[in-house]
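Subject: Structure for you to look at

Hello,

Please find the structure below. My notes on it follow.

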Amino acid sequence: MPTLRPTLHLDRLGSVIAGLIALALFASPFVTYRANRIVSGEGRLLVDALPPAGALVTIAVVLGVALCAALARKPLVRLAAASLGLCVIFPAVGFSAGFVTPAGNTFARVSPAIGFWLLALAFALLATDALTRLRLGPWGRLAALSIAAGALALLLLSGAWNDLSLMKEYANRAESFWREARQHLWLALGSMGAACLVGLPLGLASHRVPALRNAILQGLGIVQTIPSIALFGILIAPLGYLAANVPLAAALGIRGIGAAPAFIALFLYSLLPVVANTMAGLSQVPADVIEAARGMGLSPRQRLAQIELPLAFPVILAGIRIVLVQNLGLATIAALIGGGGFGTFVFQGIGQTAIDLVLLGAIPTVALSFAAAIILDAIIDLTRRGAA
Amino acid sequence: MSVRAVILRAAALLLLVAFVTAPQLFAFAFAPLTANNAPAIYNQGSLLALTLSHLRIVALATLASTVLAVALGIFVTRPKGREFLPLSRSLVNIGQTFPPIAVLAIAVPLVGFGEKPTFIALFLYGLLPIFENTLAGLTGVSPRTLEAAKGMGMNARQRLWQVELPLALPVILAGIRLSVIISLGTATIGSTVAAKGLGEVIIAGLQSNNVAFILQGGLVVALLAVLIHDGLGLVERAAARRLGRPLDGTA
């Protein structure tokens with residue numbers, strides 16, 4: 001129902017975001033300065049964290065975004081404001097690190113503090129809300145993702161963040177970072193691939209043979225319920241036995257502790273979504289379509305390959321999306337049993353109470369899952385459109 | 001549920017209780033897994049105490065996330081909070097791409113080691129499924145039903161308490177169940193940040209290379225999760241039955 005609006009409209013959500021920005025700007029430190037890597041640090045407000053001119057510009061831009069959030073109604077304007085804000089504070093925190101660190105001091109560490117994270121959160125909320133209201137199509141979402149990824153790459157490659165503690169941790173471990181990255185992807189994607197190879201036929205079989213259906217779903221449901229670290233633990237015993245007694249297994253690199261139990265556990269977790277969605281996809285193919293295909297003289301194999309699987313594909317893909325996001329997150333835990341991956345840095349960081357090391361493992365994990373979710377959602381939308 | 005399923009669950013529960021109260025009775029089964037005379041049964045604390053503190057932190061965190069998530073779910077589906085609905089939907093989607101371990105690890109430097117970071121991670125991560133299901137449950141109530149309630153002269157508060165929430169209850173309960181299961185797993189990882197819980201047994205086993213510890217820790221956590229999952233499933237079905245409609249799905 002249309003209501004009469006006053007000309008100056010205060011947006012509720014925008015006001016909350018503006019409040020968050022004010023809190024971040026005036027009441028919380030922008031960066032934390034520590035004399036070395038492990039001592040506790042002291043916070044610096046934004047005014048003290050940048051040279052006067054830089055601080056002035058940053059504060060002006062941030063306040064402008066807050067104003068926009070509270071008053072502007074068009075999603076595009078709000079999105080532009082949020083992007084501008086993000087484009088200012090991300091480089092600013094990098095420059096601030098260079099400014100706060102005393103010249104020639106190689107021990108001092110500067111990290112983004114709560115004020116920076118709150119600002120980033122506020123801008124990200126504003127951008128997310130605007131993007132949601134814009135209702136971008138699949139291509140639009142992919143474009144937004146690539147712009148964000150490109151901006152991030154530019155920020156990191158330009159060296160603007162090199163004085164930040166996070167990047168110093170990275171610089172000390174660049175080689176092992178990429179090794180663990182490969183291991184993480186191999187664990188997550190490899191186990192997903194294996195689950196697809198096994199899960200698709202299994203889903204097809206349980207679609208065709210109703211007697212199998214309940215047994216398979218219930219068995220996999222129980223596996224899904226077991227917490228990851230417990231499943232790793234349960235797999236370690238038999239794999240250790242196998243490695244000790246079967247020379248071939250040991251030759252293949254299977255050991256009780258390490259990547260093998262992690263890979264198998266991720267594989268087992270992946271089966272339920274693949275199998276359940278294959279079944280759901282196949283069972284929603286309308287009976288009259290199959291009947292028509294039969295009438296046209298297609299053999300069962302042709303019906304499956306040309307009619308049933310293409311129609312079920314979007315639903316199967318939705319299962320694969322669940323698996324991919326789940327695996328990218330769960331692979332972090334593999335580090336606990338010596339399986340490698342980004343979790344290595346997370347657990348090392350926990351052990352040393354070094355938050356930047358934790359972030360070095362956590363941020364890429366979150367970024368990967370996030371990107372995977374957006375990309376697969378877009379692909380699912382595109383295939384739905386194609387199937388419809 | 002068939003008689004066989006009931007017997008199976010009762011046996012599993014009995015086994016679990018017997019194992020955590022008198023683990024030494026089972027030493028013979030784990031002894032072959034040890035080497036160099038290492039203890040076969042976890043000996044650095046009582047399994048019962050660890051199980052109880054594990055359950056306590058999961059229960060407390062779930063209670064807290066349920067209260068907040070349901071309140072938020074109600075807020076964004078009222079006329080006053082509608083403006084927040086699209087954003088909160090996207091946030092739930094984005095939030096679920098965060099692995100629980102990342103939340104746990106980031107909380108440690110902020111609040112220190114122990115129960116606190118674990119509680120924070122369980123609480124924050126537990127919000128998502130409950131909030132998502134509260135939204136699904138409340139927005140799934142048909143407009144016709146609400147119209148009828150309005151026609152009967154119910155005010156907004158009565159509609160919420162007597163119509164919307166009871167209809168949404170089974171879906172909300174499903175969210176709570178999912179949240180509890182995720183929390184049981186995250187609490188296990190919480191032992192890496194020194195929270196008291198069953199993860200301790202597994203971690204002690206990993207550190208001392210004692211497969212018997214790893215296996216018994218894993219089995220206790222797994223049995224606990226499966227039994228709680230089943231138990232909450234029964235509650236859910238009872239709630240659905242009260243509404244006179246069977247809950248579909250096999251779970």
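**What was found**

Chain A has 16 helices and three strands; helices (H or I, at least four residues) and strands (E, at least two) are DSSP runs, numbered from the N terminus. This is a predicted model: local features need pLDDT of at least 70, side-chain atom pairs count only at pLDDT 80 or more, and totals for chains, interfaces and linings use all residues. Residues are numbered from 1 along each chain as its sequence is written, while chains are lettered from A and ligands numbered from 1 in the order in which they are written.

The C-alpha atoms of chain A occupy a box of roughly 75 × 70 × 30 Å along the principal axes. Of its 388 residues, 41% are buried (20 or more other C-beta atoms within 10 Å of the residue's own, with C-beta atoms placed from the backbone; exposed is 12 or fewer, partly exposed in between).

Chain B has ten helices and zero strands. Its C-alpha box is roughly 75 × 50 × 25 Å along the principal axes, and 44% of its 251 residues are buried.

Leaving aside neighbours within four places in sequence, Val358(A) is in contact (C-beta atoms, placed from the backbone, within 7 Å) with residues including Val346(A), Ala105(B) and Pro109(B).

Regards

How values were computed
Two residues are in contact if their C-beta atoms, placed from the backbone, lie within 7 Å.
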